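Dear colleague,

I am passing on the structure we spoke about, and my notes on it follow below. Please read them with the model open beside you.

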Amino acid sequence: MSRLYGRYLAFFLCPMRLLHRMLLRALPLPFFGAAGMLMFLLLLQLLIRYARMLFGKGLPASIIVDFFVYNLAFILTLVVPMATFVAVIVAFAQMAESRAYTAAQAAGIALRQLVWPVLVAAALV
């Protein structure tokens, strides 16, 4: 029984898996934070650009809401790649700040080995 438990622990406490989990856990919060901020900024830009056409013309509120909803598709195509980029930069910055990257380099772990789970997660987004 202890032999099986040892293999189980060795599998889940492998340094590479710990580093991969650390990087993957660091991605969602900056992604959603950056996505929310960028979405707000791009919607505000849209509002400022088309304010004269939409407001003061007597249009019903449903048409104005539809205008913003239909433009969300275009805005999302801009927001998702930018938010992914920000999340990856923040994740690796946190790793560098905690000196985990320096420890990984000292252990002989290449950057290529660290980056692949982040690239897979970014490709899924």
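Helices (H or I, at least four residues) and strands (E, at least two) are taken here as DSSP runs and numbered from the N terminus. On that basis, the protein chain holds six helices and zero strands, and its pattern along the sequence reads α-α-α-α-α-α.

Some conventions come before the details. This is a predicted model, in which local features need pLDDT of at least 70 and side-chain atom pairs count only at pLDDT 80 or more, while totals for chains, interfaces and linings use all residues. Residues are numbered from 1 along each chain as its sequence is written, and side-chain values use heavy atoms, with hydrogens and water left out.

The chain as a whole

Of the 125 residues in the protein chain, 24% are buried, where buried means under 20% relative accessible area, exposed means over 50%, and partly exposed lies in between (1.4 Å probe, protein chains only). The accessible surface of the protein chain comes to about 9000 Å², and carbon and sulfur atoms account for 72% of that surface; accessible areas come from the Shrake-Rupley method with a 1.4 Å probe, and for residues only the protein chains shown count as cover. With contact defined as heavy atoms within 4.5 Å, 76% of the contacts in the protein chain between residues at least 6 apart in sequence join residues at least 24 apart.

H3 against H4

Helix H3 covers residues 28–54, and helix H4 covers residues 61–97. H3 and H4 pack with their axes 7 Å apart and at an angle of about 145°, the axes being lines fitted to C-alpha atoms, for helices over the stretch in contact, with angles that run from 0 to 180 degrees between N-to-C directions. The crossing in which H3 passes H4 is right-handed; a crossing is given that name if the near helix is turned clockwise from the far one by less than a right angle, and is left-handed if anticlockwise. The residues of this contact of H3 with H4 divide into 26 nonpolar, two polar and no charged, where Ala, Val, Leu, Ile, Met, Phe, Trp, Tyr, Cys and Pro count as nonpolar, Asp, Glu, Lys and Arg as charged, and the others, Gly among them, as polar.

Two residues show this packing from either helix. On H4, Ile75 is buried because its relative accessible area is 4%. Leaving aside neighbours within four places in sequence, Ile75 is in contact with Met39, Leu42, Leu43 and Leu46, and the C-alpha atoms of Ile75 and Leu42 are 6.8 Å apart, although these residues are 33 apart in sequence. On H3, Leu43 has 25% relative accessibility and therefore counts as partly exposed. Leu43 touches Phe68, Leu72 and Ile75, residues up to four places away in sequence not being counted; between Leu43 and Phe68, which are 25 residues apart along the chain, the C-alpha separation is 7.8 Å.

Phe32 lies in H3 and counts as exposed because its relative accessibility is 58%, and its C-alpha atom is 10.0 Å from that of Val86, 54 residues away along the chain. Phe85 lies in H4 and likewise counts as exposed, at 58% relative accessibility; the C-alpha atoms of Phe85 and Ala34, 51 residues apart along the chain, are separated by 9.4 Å.

H4 against H6

The axes of H4 and helix H6 (residues 111–124) come within 11 Å and cross at roughly 150°. That makes H4 roughly antiparallel to H6, given that angles over 145 degrees count as roughly antiparallel, under 35 as roughly parallel, 65 to 115 as roughly perpendicular and the rest as oblique. H4 passes H6 in a right-handed crossing. H4 contributes Thr84, Val88, Phe92 and Met95 to the contact, and H6 contributes Leu111, Leu114, Val115, Val118 and Ala122; by class, these residues are eight nonpolar, one polar and no charged.

Not counting residues up to four places away in sequence, Thr84 touches Phe31, Ala122 and Val125.
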